[in-house]
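Q: Please take a close look at one part of this model, the aromatic side chains and their surroundings. Keep it brisk, and go residue by residue.

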Amino acid sequence: MNNIFIALSTHHVKYCEKIAQQQKKATNILITSRDFEVDKTIFDRLIYLKSKAYNQSDSTVSKIKTIIKKASVYKDVVAQLRDLRNEAQLRVYFSSLEDMLSNHMLFYFSRNLEGVVIEDGVLNYYMHTLEEVSQFNFLVKRLIALAYGIKIKPYIGHTSGIDYDKVKYQLVRQPNFAIKPEKSRQLPQEKRKLTELSNNNLIVGQEPYGSMFGSDVYISKLKKLLTQVIGSDNYSATHKIYYKPHRHGPRLDFEALKRDFKNHNLIYVDDDTSMEDLYFDKLKCRNIYTFDSSAVFSIYSEAPLQLKEQINITVMPFYKSVLNPLFKKLNFTIIENDL
């Protein structure tokens, strides 16, 4: 078996490493960013993406430039994989059909190829299809990709691709809660060490909403969330409030935000480390707030059983509240969405 792993984030790299370690007899090929730390001894081949790992575009023009750059990089990746097209046993591990390379590989690279989905946050736990994606943006992406020889198929069913027969199964943290539980298997998870919690507060940012709805709307909602943190029974003036931005999306003016919330200990965490690693290795906050970030689900899933119930997670869904059924099952506190 030839395994092709597409890892577009630090936590996906770790998942791919664990899966590859379980399949040592296979030929394991990793496609990832040069920005990420990788255990090179695990893989037979490494293909590095010659572009920035994360998209922090803040305008239509910059988004288009990012798509062009990514399509150019993906063209080079496909060329490096050309020797595998006729292999009888070929499997690609990917997270979403919205990604140009994942889409192309699954549908066009080889007739012998089968797919396995690796969990991408909470995407695998609610119904998300092409109808939830901007048709204009998808068309622009499709045309730009085609200009570089990368074909993209308007997919049917769930964005993960789990509805296709050629996708054999998905690896997720909570198989019973996932879309298509009958095709869901347990994701190999890292054993996290966490022996105590601080009484500080963590806000997990979601800057991509700033791209979708505008920075002013995002900052307005963030101020409301901050007010909830400061007004909670768990907060005192001695507690710190950490804000960790999302890896994608435009950066906000945090100094202006601090001026609006003077006398409160607001700290901007400017770190490319994954939210999960940062939480378990450094922050360890007892109280976590977000809109509807998948990172809080990851933290809850990976927390040791003896501390899981001591972590207070509060969510304020930004739009549509599609994740409320999952959050309710996990006993998260839900603040009403008013957008």
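A: Start with a charge over a ring. The charged end of Lys221 sits over the ring of Phe318, at 5.7 Å from the ring centre. Keep in mind that this is a predicted model. Phe318 also belongs to an aromatic cluster, together with Tyr209, Phe213, Tyr218 and Phe291. Helix α5 covers residues 208–213, and its mean pLDDT of 84 is the lowest among the elements of the chain. Strand β4 has the highest, at 98. For the chain as a whole, the mean pLDDT is 90. Of its residues, 97% reach 70 or more. Where pLDDT is low, predicted coordinates should not be read in detail.

There is another lysine over a ring. The charged end of Lys308 sits over Tyr300, 4.6 Å from the centre of that ring.

Now the ring pairs. The structure holds 17 aromatic pairs. One of them joins Phe5 and Phe43, edge-to-face, with 6.0 Å between the centres and 70° between the planes. The two residues come from distant parts of the chain, 38 residues apart. Phe5 is in strand β1 (residues 2–7). Phe43 is in the loop between β2 (27–33) and β3 (45–49). Phe43 has a relative accessible area of 7%, which means that it is buried, as the cut-off is under 20%. Phe5 is buried too, at 0%.

Phe5 has a further partner. With Tyr93 it forms a stacked pair, 4.6 Å centre to centre, with 15° between the planes. Tyr93 lies in strand β4 (residues 90–94) and Phe5 in β1, so this pair ties together parts that are 88 residues apart in sequence. Tyr93 counts as buried because its relative accessibility is 0%.

Strands β1 and β4 also meet a helix. The buried residues of α1 pack against β1, β2, β4, β5 (113–118), β6 (167–172) and α9 (294–302). Among the buried residues of α1 are Tyr15, His11, His12, Cys16 and Ile19. Helix α1 runs over residues 10–22. Its 13 residues should span 18 Å at 1.5 Å a residue, and its end C-alpha atoms are 19 Å apart, so the two values agree.

Strand β5, one of the elements that α1 packs against, holds Leu113. At 4% relative accessibility, Leu113 is buried. Beyond its sequence neighbours within four places, Leu113 is in contact with Leu90, Val92, Met105, Leu106 and Lys166. Gln89 is 24 residues away from Leu113 in sequence, and their C-alpha atoms are 7.1 Å apart.

Asn201 is in strand β8 (residues 198–204). Its relative accessible area is 0%, so Asn201 counts as buried. Tyr235, Tyr242 and Tyr289 are among its contacts, leaving aside neighbours within four places in sequence. The list also includes Val229, His239, Lys240, Ile241 and Cys285. Asn287 is in contact with Asn201 as well. The side chains of Asn201 and Asn287 are joined by a polar contact of 3.4 Å.

How values were computed: Residues numbered from 1 in each chain as written. Predicted model: local features only at pLDDT ≥ 70, side-chain atom pairs only at ≥ 80, totals over all residues. Heavy atoms only, no water. Helix = DSSP H or I, 4+ residues; strand = E, 2+ residues; numbered from the N terminus. Buried < 20%, exposed > 50% of the residue type's maximum accessible area, 1.4 Å probe, protein only. Polar contact = N/O pair within 3.5 Å; in protein donor to acceptor, adjacent residues only side chain to side chain. Contact = heavy atoms within 4.5 Å. Phe/Tyr/Trp six-rings, centres within 6.5 Å; stacked < 30°, edge-to-face > 60°. Lys NZ or Arg CZ within 6 Å of the ring centre and 35° of its normal. Expected span 1.5 Å × (residues − 1). pLDDT = per-residue confidence, 0-100.
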